[in-house]
Amino acid sequence: PNRDAVAAHIVMTVERDRRRNVAAAQALATLAVEASNPHAADNRAIIQRWLDDWTQRADAAAVALAPAFDAVPIPATTHGEALARARAATGALVRELGYTSPLGGQA
């Protein structure tokens, strides 16, 4: 909407990287807690603590991005809408892996 052809290519590249990174993280988290792994219970607890800490940090950073949305001449979405989508996607991924989200119902 803002006639920035370069931004579309950057976003497309970032999205491809994000999907690859999510798939790798899912594979690692799954491997770490497989039933055949003698450290599965400890690994699950460590991953949950990591999620509790880093989800809150990432959410605070995402909330702080609100002014950037206000600076766009023709916004494609609002900060609130983008934040809600990100929280929902994160929560779905966390629950799919069998963990709980520190954002509760928001994530």
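Reader: Hello! What should I know before I start?

Author: Welcome! This is a predicted model, where local features need pLDDT of at least 70 and side-chain atom pairs count only at pLDDT 80 or more, while totals for chains, interfaces and linings use all residues. Residues are numbered from 1 along each chain as its sequence is written, and side-chain values use heavy atoms, with hydrogens and water left out.

Reader: Let's begin with a helix. How many residues does α2 have, and what span does it reach?

Author: Helices here are DSSP runs (H or I, at least four residues), numbered from the N terminus. The expected span of a helix is 1.5 Å times one less than its number of residues. Helix α2 covers residues 40-63, which is 24 residues. From first C-alpha to last, α2 reaches 34 Å, close to the 34 Å expected.

Reader: Which residues of α2 are buried?

Author: A residue is called buried under 20% relative accessible area, exposed over 50%, and partly exposed in between (1.4 Å probe, protein chains only). In α2, the buried residues are Ala40, Ile47, Gln48, Leu51, Thr55 and Asp59. They pack against α1 (5-32) and α4 (79-96).

Reader: And how do I find a nonpolar core?

Author: The general idea is that in soluble globular proteins, nonpolar side chains tend to be buried together. A nonpolar core is a set of buried Ala, Val, Leu, Ile, Met, Phe, Trp, Tyr and Cys residues joined through side-chain atoms within 4.5 Å. The largest one here has seven residues: Ala29, Ala32, Val33, Ile47, Leu51, Val94 and Tyr99. Helices α1 and α2 each supply at least two residues of this core.

Reader: Which residues is Ile47 in contact with, leaving aside its neighbours within four places in sequence?

Author: Contact means heavy atoms within 4.5 Å. By that rule, and with those neighbours set aside, Ile47 touches Ala29, Ala32, Val33 and Tyr99.

Reader: Now for charges. How many salt bridges does the structure hold?

Author: Side chains of opposite charge can pair when their charged atoms come close. A salt bridge is a side-chain nitrogen of Lys or Arg within 4 Å of a carboxyl oxygen of Asp or Glu. The structure holds five of them. One joins Arg87 and Asp59, at 2.7 Å from N to O. Arg87 lies in helix α4 and Asp59 in helix α2, so this pair ties together parts that are 28 residues apart in sequence. Both Arg87 and Asp59 are buried.

Reader: Where do Arg57 and Asp53 lie, and how is their pair built?

Author: Both are in helix α2, four residues apart, about one turn of the helix. The closest N and O atoms of Arg57 and Asp53 are 3.0 Å apart in their salt bridge. Arg57 counts as partly exposed because its relative accessibility is 47%, and Asp53 is partly exposed at 31%.

Reader: What about Arg18 and Glu15: how many residues apart are they in helix α1?

Author: They are three residues apart, so about one helical turn separates Arg18 from Glu15. Their salt bridge has its closest N and O atoms 2.7 Å apart. Arg18 is partly exposed at 43%, and Glu15 is partly exposed at 27%.

Reader: Why does Leu28 count as exposed?

Author: Leu28 counts as exposed because its relative accessibility is 58%. Leu28 lies in helix α1, and its C-alpha is separated by 14 Å from that of Tyr99, 71 residues apart along the chain.

Reader: How is Val22 classed, buried or partly exposed?

Author: Val22, in helix α1, counts as partly exposed, because its relative accessibility is 24%. Val22 and Leu93 are 71 residues apart in sequence and 9.0 Å apart in space, C-alpha to C-alpha.

Reader: Last one: where is Val11, and how far is it from Pro102?

Author: Val11 sits in helix α1 and counts as exposed at 55% relative accessibility. The C-alpha atoms of Val11 and Pro102 are separated by 28 Å, and the two residues are 91 residues apart along the chain.
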